[in-house]
Amino acid sequence: MLQYISNKGGGDPVDLETAILDGYATDGGLYVPEYLPKISADQLAKWKSLSYPALAFEILSLFIDRAAISAEELRQIIQRSYQTFEKEEVIPIKELESRPETYIMELFYGSTLSFKDVGLSFLINLVDFFLQRKKKRLSIIVATTGDTGPAAASYIAGKSTLDAWVLYPKGLITEEQERQMTTLTQQNVHPVGVYHCPDGGDDLDLVISQLYANQGFKEKVNLSSVNSLNWGRIMIQTVHYFYGYLQVVDEVGDDLSMVVPSGGFGNLCAGGIARKMGLPVKQLVIANNKNACLHRIFSVGRFSKAPLHETVSSAIDILIPINFWRYLYFCVNGDTARIKQWTEEFDRSGSVQFDQEIHQAYSDGYLSMSISDDMTISTIKDVYESEQYLLDPHTAVSVAVANSLTGQLAHHKVICLSTAHPAKFPGIIQRALGSKMLPEDATHPSIETAKRRCQKGYTADLAHLEEALLHSMSAHWEENEIRTTED
Ligand SMILES: Cc1ncc(COP(=O)(O)O)c(C=O)c1O
């Protein structure tokens with residue numbers, strides 16, 4: 001049975017259920033599988049024509065023990081997760097007319113219009129499955145730069161096993177994203193808008209790790225998280241890399257590169273893991289905005305924190321790409337002692353400079369680039385003017401990188417991952433197109449409906465957030481316990 005351990009080496013190996021329900025490992029590290037399952041080229045060729053749900057079943061089966069979840073149960077969880085997606089193919093892929101052999105993988109057809117739906121719909125159904133079996137309830141806390149929050153809230157809404165506490169930096173996400181959380185009416189969703197977050201979502205992650213470290217509170221409210229610190233997010237996100245590759249290449253083994261708008265490295269960590277499992281993707285390309293945290297790591301070998309820039313691609317305004325530490329584990333032959341040492345050095349000094357050998361080990365097969373807001377805006381405009389196809393600002397960052405690195409990506413196909421629907425960012429689209437009238441593709445019925453709903457939620461100041469959450473989450477948990485006992 002495949003076991004999961006902390007990338008920092010503490011605690012005992014655990015099964016998948018524990019890794020998923022706990023979120024963080026007991027030593028504050030990130031769970032990783034003890035080994036990565038390998039997939040041969042022959043096997044991939046056999047999977048070439050599978051639908052996304054069928055492929056998800058095959059790949060997830062490599063990580064999930066049949067004794068824990070039967071084949072039928074897994075099929076049902078997958079079906080439940082993707083049946084509400086707007087497009088039958090779940091993840092449509094389209095070739096750009098203005099850039100032949102460049103494809104856009106549209107990952108935004110779930111209920112809240114971003115790629116987070118692809119991971120969270122499955123993960124939350126999996127968590128719910130485990131909890132129903134255990135007859136247990138969890139308080140889920142997530143921080144968001146605008147897209148994880150809405151997805152987590154939407155899939156948790158109405159689930160009797162879960163309560164969602166969704167923290168967002170007030171003023172640093174779009175009104176459309178905020179309304180996706182605050183207009184939900186279900187009683188088990190609690191959005192918290194947090195004022196004064198100089199480091200955006202990273203400030204909120206810090207408070208979450210403090211709450212996790214508070215053992216008494218953690219146990220009292222059964223605290224967990226479905227942010228990309230949760231292994232389940234990474235596991236399910238490997239699937240869209242396999243799917244995109246198999247859909248686009250003529251034959252398994254053909255070269256292909258994938259360009260990914262990146263912030264916390266959750267998405268690309270899954271891409272790197274997919275490649276280590278046997279996916280023959282040639283280059284994985286990190287598309288950063290001005291907050292070039294990953295570009296620094298991959299170009300000059302330095303993991304360091306810099307002041308936050310507010311950009312037009314706000315969901316990737318992220319300073320600390322936490323999943324890089326998870327990926328690094330696989331690049332240093334599972335040397336947990338070194339991961340622990342580096343993360344401690346970063347916590348102490350705010351910076352780690354990797355030596356040449358380590359830099360080479362993790363950056364092999366990666367390219368990276370940082371894109372300015374002007375380039376993002378002009379890319380939206382150029383693509384729209386040339387073929388009436390509307391990119392959201394994050395997808396535009398990846399297309400801008402593909403354009404800039406044309407020399408290095410020539411002679412083979414390229415997939416740009418499209419991580420959000422433009423309707424979440426109408427202000428930026430207006431700015432890019434220079435017109436007050438939004439094209440129809442920049443709107444979505446769910447966004448329009450949310451404009452006509454009342455908003456609910458809490459607000460707090462970052463300076464008091466930890467105390468405010470300890471109070472509200474405890475009170476809510478106690479109230480719920482009383483209600484359940486009375487029932
Ligand atoms: C629209 C969008 N694109 C890209 C990303 C970056 O993903 P990751 O943090 O996994 O690198 C995010 C979220 O962080 C997002 O919301």
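Two strands are taken to pair if DSSP finds at least two bridges between them. On this basis, the predicted model contains an open sheet of five strands in the order β8-β5-β6-β7-β15, with parallel pairing. The edge positions are held by β8 (223–224) and β15 (458–461), each of which pairs on one side only. The pairing of β15 with strand β7 (residues 189–195) is parallel and runs over four bridges. Within this pairing, Tyr-195 has Asp-461 of β15 as its bridge partner.

In soluble globular proteins, nonpolar side chains tend to be buried together. The largest nonpolar core of the model comprises 148 residues, and Ile-140, Ala-152, Val-166 and Val-259 have the most contacts inside it. Helix α10 (residues 231–248) supplies the largest share of this core, nine residues. For Val-166, when neighbours within four places in sequence are left aside, the contacts are Val-142, Thr-144, Gly-149, Ala-152, Ala-153, Met-181, His-190, Pro-191 and Val-192. One of these, Ala-152, is also listed with Val-166 among the residues with the most contacts inside the core. His-190, Pro-191 and Val-192, also in contact with Val-166, fall within the range of strand β7, residues 189–195.

Definitions and conventions. Residues are numbered from 1 along each chain as its sequence is written. This is a predicted model: local features need pLDDT of at least 70, side-chain atom pairs count only at pLDDT 80 or more; totals for chains, interfaces and linings use all residues. A nonpolar core is a set of buried Ala, Val, Leu, Ile, Met, Phe, Trp, Tyr and Cys residues joined through C-beta atoms within 7 Å. A residue is buried if 20 or more other C-beta atoms lie within 10 Å of its own, exposed if 12 or fewer, and partly exposed in between; C-beta atoms are placed from the backbone. Helices (H or I, at least four residues) and strands (E, at least two) are DSSP runs, numbered from the N terminus. Two residues are in contact if their C-beta atoms, placed from the backbone, lie within 7 Å.
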